[in-house]
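Open your viewer and keep the selection tool at hand. We will go stop by stop.

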Amino acid sequence: MASFTGASSSALISPRQCLAPTKISGLKLVSFSNSRSNLPLSFRRLQVSCAAKPETVEKVCDIVRKQLALKDDISVSGESKFAALGADSLDTVEIVMGLEEAFGITVEEESAQTIATVQDAADLIEKLCEKSA
Amino acid sequence: MFSTSNLFSPIKLPSQMETHLWYSLPNEIKTESLLSQYVDLLSPLEKDHIFSISSHELQKSALIARALVRTTISRYQIGSQVSPRSLEFKKNAHGKPEVIWQNSDDWHPPPPRLHFNLSHTSSLIACGVTVDSPIGVDVEEKQRTMKNNILSFAKRYFSCEEVELLSAISDPEVQRQEFIKLWTLKEAYVKALGRGFSGAPFNTFTIRFSSMNPDSEDSGIMIVPLENPSDLTTNWQFAQLELGGSHYAAICRESNGGASMKVIVRKTIPLVEEQIISEIN
């Protein structure tokens with residue numbers, strides 16, 4: 001299932017091959033089917049990951065606001081989709097670069113392509129920060 | 001009120017030699033009645049998406065983009081009675097939208113292999129259309145400034161040869177313009193490939209401008225893959241244009257046996273008017 005993420009077919013953003021996450025008080029349950037897996041479809045892998053800290057989400061929101069020069073009446077939160085905020089392809093890559101500099105990480109293109117929302121970016125940042133810690 | 005199906009006589013599909021580029025300026029589309037006509041063209045899923053956008057400006061822009069795609073494709077009247085509302089779309093494995101023709105197995109002759117690609121800035125929305133060739137389109141505002149330092153950005157994302165080319169430009173304004181144009185070329189190529197950003201990371205290929213013989217038909221822009229040459233195909237051709245005096249646009253499509261790209265540009269207000277701007281050879 002791929003939710004309709006936007007009118008523009010940006011090369012950067014593509015719908016994730018996973019179901020919409022359900023939040024349960026701080027934990028994010030993400031279930032996805034891996035089409036390349038040899039496991040039967042009924043055996044779905046569950047991945048429980050901790051959602052990024054609110055401070056990280058907030059920092060990402062600030063960077064996004066700055067990059068897109070958003071007016072105050074436009075709200076940005078974890079659920080905000082970059083495409084829906086008016087980010088074009090160049091904006092999105094500038095945002096990723098801004099995140100790299102702010103957090104001292106490197107985001108590979110494969111990972112960058114999976115980022116559709118602010119929350120996605122924050123989660124990826126924390127994952128990358130953990131790795132380098 | 002006017003009927004959408006007979007507004008204009010059908011437009012001929014682009015020939016194999018042609019690329020059509022349609023564009024709309026959201027600032028020119030203001031009346032609520034027209035915008036609600038656009039809403040009427042959308043699928044339920046598209047409506048959900050549009051209504052989930054909280055900013056009016058962004059919502060309008062996304063709405064016009066969908067209306068542009070639907071009305072543009074239906075202008076070619078492929079199969080009888082095709083209306084903008086009846087078109088169905090799907091996304092390929094990498095998220096690139098495509099048209100689904102209803103009961104295409106029953107068509108005699110089979111439906112044309114129409115390709116389209118949309119590019120979206122806040123002030124201009126463009127849709128490129130070809131037959132039998134994948135197409136990528138990217139537009140950017142000419143006046144657009146970068147939040148990051150241009151050379152830092154280029155070093156991070158572009159190829160060495162491209163960084164050298166940009167570094168050699170001493171005038172910062174010219175450098176900025178050339179950077180934006182280069183970005184649109186690279187983005188148009190990656191969108192034409194249809195594999196998503198990671199399918200062809202920007203630093204794995206160079207856009208090279210060959211020094212041109214003015215009599216040559218070659219547009220002088222070529223792809224030079226830097227790694228895994230078999231993954232990055234090079235039989236593509238490019239066109240660069242300016243739209244409305246305000247935007248740079250790049251189009252990428254498959255090569256045509258050496259002939260340079262013929263582009264027909266139309267400016268449109270979906271459901272209202274269209275105007276051929278230029279034919280570029």
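**Stop 1: two helices**

Select helix 2 (residues 89-103) of chain A and helix 4 of chain B. They pack at an angle of about 90 degrees, with their axes 11 Å apart. That angle makes helix 2 of chain A roughly perpendicular to helix 4 of chain B, because 65 to 115 degrees counts as roughly perpendicular. Axes are lines fitted to C-alpha atoms over the stretch in contact, and angles run from 0 to 180 degrees between N-to-C directions. Helices here are DSSP runs of H or I with at least four residues, strands are runs of E with at least two, and both are numbered from the N terminus.

This is a predicted model: local features need pLDDT of at least 70, side-chain atom pairs count only at pLDDT 80 or more, and totals for chains, interfaces and linings use all residues. Residues are numbered from 1 along each chain as its sequence is written, chains are lettered from A and ligands numbered from 1 in the order in which they are written, and side-chain values use heavy atoms, leaving out hydrogens and water.

Which residues make the contact of these helices? On helix 2 of chain A, pick Leu90(A), Val93(A), Glu94(A), Val96(A), Met97(A) and Glu100(A). On helix 4 of chain B, pick Ser152(B), Phe153(B), Arg156(B) and Tyr157(B). Contact means heavy atoms within 4.5 Å.

**Stop 2: salt bridges**

Now select Asp91(A) and Arg144(B). Their side chains meet in a salt bridge (2.7 Å, N to O). A salt bridge is a side-chain nitrogen of Lys or Arg within 4 Å of a carboxyl oxygen of Asp or Glu. The pair crosses between chains: Asp91(A) is in helix 2 of chain A, and Arg144(B) is in the loop between strand 6 and helix 4 of chain B.

**Stop 3: the whole interface**

Show both chains. The contact takes 44 residues from chain B and 34 residues from chain A. On the side of chain B that touches chain A, helix 6 of chain B gives the largest share, 6 residues.

**Stop 4: two backbone details**

Go to His108(B) and Pro109(B). A cis peptide bond joins them, with omega about -5 degrees. Pro109(B) lies in the loop between strand 3 (97-100) and strand 4 of chain B.

Last, select Asp132(B). Its phi is near 70 degrees, a positive value in a residue other than glycine. Most residues other than glycine have a negative phi, and most peptide bonds are trans. Asp132(B) sits in the loop between strand 5 (125-131) and strand 6 of chain B.

Conventions:
Angles under 35 degrees count as roughly parallel, over 145 as roughly antiparallel, 65 to 115 as roughly perpendicular and the rest as oblique.
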